[in-house]
Amino acid sequence: MDAVVLRPGEGESLFDGRIVLKASFDQLTITESHFPDARDGADPHYHLQHVDSFYVLEGGMAVLVHDEEKLLDPGAFASAPPEVVHGFRTTSRSVFLNFHTPDGGFADNLRARDRGEEGGFDSVDAAPGSGKPPTDAVFWRAGEGERLATNNRVATIKLGREELALIEFEVQAGFEGPDPHAHDDHVDSFYVLEGEVDFFVGDEWLRLPARSYVAAPPGVTHAFANREGQAARLLNIHAPSTNFHERLRTF
């Protein structure tokens with residue numbers, strides 16, 4: 001499987017560009033959603049076999065988990081585990097990332113609905129407050145999470161589960177990052193939030209700006225760094241996690 005390198009605005013455009021598929025793997029689907037105003041998103045539902053997570057890039061959202069609705073501003077994160085009822089709406093013009101781990105048929109469902117077909121995936125309509133208690137649900141405001149700092153980077157663990165490890169990195173100029181490497185058991189991917197980041201993908205280095213996305217499926221050599229310029233922020237997404245968040249605590 002080849003690497004994925006998407007610059008700002010690139011990806012598989014659905015619903016006239018309102019939803020852009022950035023990643024479509026069995027282990028992981030990522031959409032970048034553009035809502036032009038405050039509107040309903042998804043009615044309360046749950047998934048039997050996958051985790052549904054959100055990261056706000058612009059504007060605001062209201063995310064229901066179990067029976068509690070939280071308002072999310074830019075930089076906020078929310079995650080609903082399997083069988084926990086959730087839904088969302090936007091409260092203004094908004095841009096947000098949505099992660100389904102594993103995919104659970106979500107990407108093909110979007111494609112079918114975009115063609116005007118019925119679609120369907122691992123999703124069950126449910127009343128707020130039903131389903132499992134939200135013991136492992138996560139709500140983080142911007143900057144919150146488990147912060148792990150070194151001299152030239154801060155890694156904030158937003159979520160660490162079997163299905164997904166999602167880390168927000170703040171990297172200073174001069175950050176060299178890991179040596180080029182490959183994984184044989186999970187997809188390692190990156191979404192640039194702010195500034196520019198250097199990525200080694202396959203056999204070359206690329207410097208990519210905010211709203212770029214890079215994915216290294218199993219077997220693809222990759223690395224990231226911030227070798228010059230200004231500080232940058234990015235999300236690092238491991239799906240499944242293979243306990244990356246645990247290893248990060250020992251770095």
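This is a predicted model: local features need pLDDT of at least 70, side-chain atom pairs count only at pLDDT 80 or more; totals for chains, interfaces and linings use all residues.

Modeller: A nonpolar core is a set of buried Ala, Val, Leu, Ile, Met, Phe, Trp, Tyr and Cys residues joined through side-chain atoms within 4.5 Å, where buried means under 20% relative accessible area (1.4 Å probe, protein chains only). Here the largest has 24 residues, and Tyr-213 and Leu-235 touch the most other members. Strands S6 (51-58), S11, S17 (187-194), S20 (213-216) and S22 (232-239) each give two or more residues to this core. A second, separate core of 21 residues includes Leu-148, Ala-155, Phe-199 and Phe-244.

Colleague: Which strands do the buried residues of H1 pack against?

Modeller: Helices (H or I, at least four residues) and strands (E, at least two) are DSSP runs, numbered from the N terminus. In H1 (residues 106-114), the buried residues are Phe-106, Ala-107, Asn-109, Leu-110, Arg-111 and Ala-112. They pack against S2 (12-14), S3 (19-24), S4 (29-35) and S11 (94-101), by contact, meaning heavy atoms within 4.5 Å. Just after H1, Gly-116 has a positive phi of about 90°.

Colleague: And how do S7 and S8 pair?

Modeller: Two strands pair if DSSP finds at least two bridges between them. S7 (residues 61-65) and S8 (residues 68-72) are antiparallel over five bridges, with Val-65 partnered by Glu-68. Two residues separate the strands in this hairpin, and His-66 in the turn takes a positive phi of about 65°.

How values were computed. Residues are numbered from 1 along each chain as its sequence is written. Side-chain values use heavy atoms; hydrogens and water are left out. Buried means under 20% relative accessible area, exposed over 50%, partly exposed in between (1.4 Å probe, protein chains only).
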